Amino acid sequence: MLLSGLLLPGPLQTPYPSLPPISAASLRPRAATLRRAGGGGGGGGTVPRRRLEVRALDAAQPFDHESRASDLLERRSKLKIAIIGFGNFGQFLAQTFARQGHTLLAHSRSDYSDAAHSLGVSFFRDPHDLCEEHPDVVLLATSILSTDAVLHSLPIQRLRRNTLFVDVLSVKEFPKNLFLQVLPPDFDILCTHPMFGPESGKDSWTGLPFVYEKVRIGDANGRAERCQRFLDIFEREGCRMVEMSCTDHDENAAEIQFLTHTVGRILAKLDLKPTPINTKGYETLLNLVENTCSDSFELYNGLFMYNKNSTELLDRLDAAFDSLKKELFANLHDILRKQLFESAQSSLERASN
């Protein structure tokens, strides 16, 4: 019996008051499909097969409340991050940010639109256009030396008043003080230092240190939660999260970073070459030269100029080198004196005999 032959006295009410009633018209299939029997006369043609589609009103709906709540929670965990300075390090961070599903914007003095497109990042040549996108986070990944000029060039008046500003510079007191001087008091500030880069972190960030200080984070409108969501990016990648003041960071970094770069660049001045009899220790020195000199001199100069502890470290390094030379020459002097006087005494003894 054809469904079109069913007679319903009136609309069929469903057990769900929020759903509309079922009418006869909604049950009537397309007549053109069901009337194809034979060649139009009385022949014995076959009715073409048509997939029967049953829609049960009490079946689980694909967009139920639980599913929608889960999707909403997932969306709320994502951030819109604007990366200012889209060079090597900015692109390195963007790869992980994009993989975790965050929306990314970028601006840089150079045109990195092709690189940005390949990473799924929206590139803006004009910072005004970027700021009008109202990112949740503005991340400064510029060089140390250009940070001041770049920050002053941003039209921060086009941003939301509680935007979170983050830096990833290798020095920390300088950007902290700069942010506090330039940014309005409603803006949040998070100073960070991922102590790894495109080479050391190319395979994994697991166990690599990530240092941060929550300089100024408001309590209202989920601002603390937004800050934590940004930190969660690095925690999810397995970083060793280290909360430390900017002052303590710079004191430690002077020895950890600046000293390492200084020794590597001193060795580079010696123009060391591999030899057929390299030892493991010598190989370590060659690797140190390669790793430190692969970074720009601008970075090294920034570590010196914007960390007040670096000057003291250079003085200590000079004093240590002078002390070591004095110790060596003192031993040499004692040996020479001993040889000289022993030789003279032997000559006198031979002469007296």
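This report describes a sheet, the helices around it and a few single residues in a predicted model.

## Ground rules

Residues are numbered from 1 along each chain as its sequence is written, and side-chain values use heavy atoms, leaving out hydrogens and water. Because the model is predicted, local features need pLDDT of at least 70 and side-chain atom pairs count only at pLDDT 80 or more, while totals for chains, interfaces and linings use all residues.

Helices (H or I, at least four residues) and strands (E, at least two) are DSSP runs, numbered from the N terminus.

## The sheet

Eight strands form an open sheet. Their order is S3-S2-S1-S4-S5-S6-S7-S8, and the pairing is mixed. Strand S3 (122-123) and strand S8 (240-243) are the edge strands, each pairing on one side only. Two strands count as paired if DSSP finds at least two bridges between them.

Strands of a sheet pair through backbone hydrogen bonds, either parallel or antiparallel. Both senses occur here, as the pairs below show.

## From S1 to S5

Strand S1 (residues 80-84) runs parallel to S4, joined by four bridges. Ile81 stands opposite Val137 in S4. S4 also runs parallel to S5, again with four bridges. There, Val138 stands opposite Phe165 in S5. The chain crosses from S4 to S5 through helix H7 (residues 147-153), and this β-α-β crossover is right-handed. Right-handed has a set meaning: with the strands pointing away from the viewer, the path from the first strand over the helix to the second runs clockwise.

Which way do the residues of S4 point? Val137 and Leu139 point one way, and Val138 and Leu140 the other. All are buried, meaning under 20% relative accessible area; exposed means over 50%, and partly exposed lies in between (1.4 Å probe, protein chains only).

S6 is mostly covered, with seven of its seven residues buried. One side holds Asp188, Leu190, Thr192 and Pro194. The other holds Ile189, Cys191 and His193.

S5 and S6 pair in the parallel sense over four bridges. Phe165 stands opposite Ile189 in S6. S6 and S7 pair in the antiparallel sense, over six bridges. Thr192 has Tyr212 in S7 as its bridge partner. S7 and S8 then run parallel, joined by four bridges. Here Val211 is partnered by Val242 in S8.

## Helix H8 on the sheet

Helix H8 (residues 173-182) packs on the sheet. H8 touches S4, strand S5 (164-167), strand S6 (188-194) and S7. The direction of H8 makes about 165° with that of S6. Axes are lines fitted to C-alpha atoms, for helices over the stretch in contact, and angles run from 0 to 180 degrees between N-to-C directions. S5, H8 and S6 make a right-handed β-α-β unit.

Pro175 lies in helix H8. Pro175 counts as buried because its relative accessible area is 1%. Leaving out residues up to four places away in sequence, Pro175 touches Asp167, Leu169 and Cys191. Contact means heavy atoms within 4.5 Å. Pro175 and Leu140 are 35 residues apart in sequence and 9.7 Å apart in space, C-alpha to C-alpha.

## Helices H10 and H11

Two packed helices are described by the angle between their axes and the distance between the axes. Helix H10 (residues 246-269) and helix H11 (residues 280-293) pack at about 110°, with axes 8 Å apart. H10 is therefore roughly perpendicular to H11. Angles under 35 degrees count as roughly parallel, over 145 as roughly antiparallel, 65 to 115 as roughly perpendicular and the rest as oblique.

H10 contributes Thr260, His261, Val263, Gly264, Arg265, Leu267 and Ala268 to the contact. H11 brings Leu285, Leu288, Val289, Thr292 and Cys293. By class, the contact has seven nonpolar, four polar and one charged residues. Ala, Val, Leu, Ile, Met, Phe, Trp, Tyr, Cys and Pro count as nonpolar, Asp, Glu, Lys and Arg as charged, and the others, Gly among them, as polar.

His134 sits in the loop between helix H6 (127-131) and strand S4 (137-140). Its phi is positive, near 55°, and it is not a glycine. His134 counts as partly exposed because its relative accessibility is 33%.

Asn221 lies in the loop between strand S7 (209-216) and helix H9 (223-236). Asn221 also has a positive phi, about 55°, without being a glycine. At 72% relative accessibility, Asn221 counts as exposed. Asn162, in the loop between H7 and S5, is buried at 18%. Leaving aside neighbours within four places in sequence, Asn162 is in contact with Asp186, Asp188, Asn221, Arg223 and Arg226.
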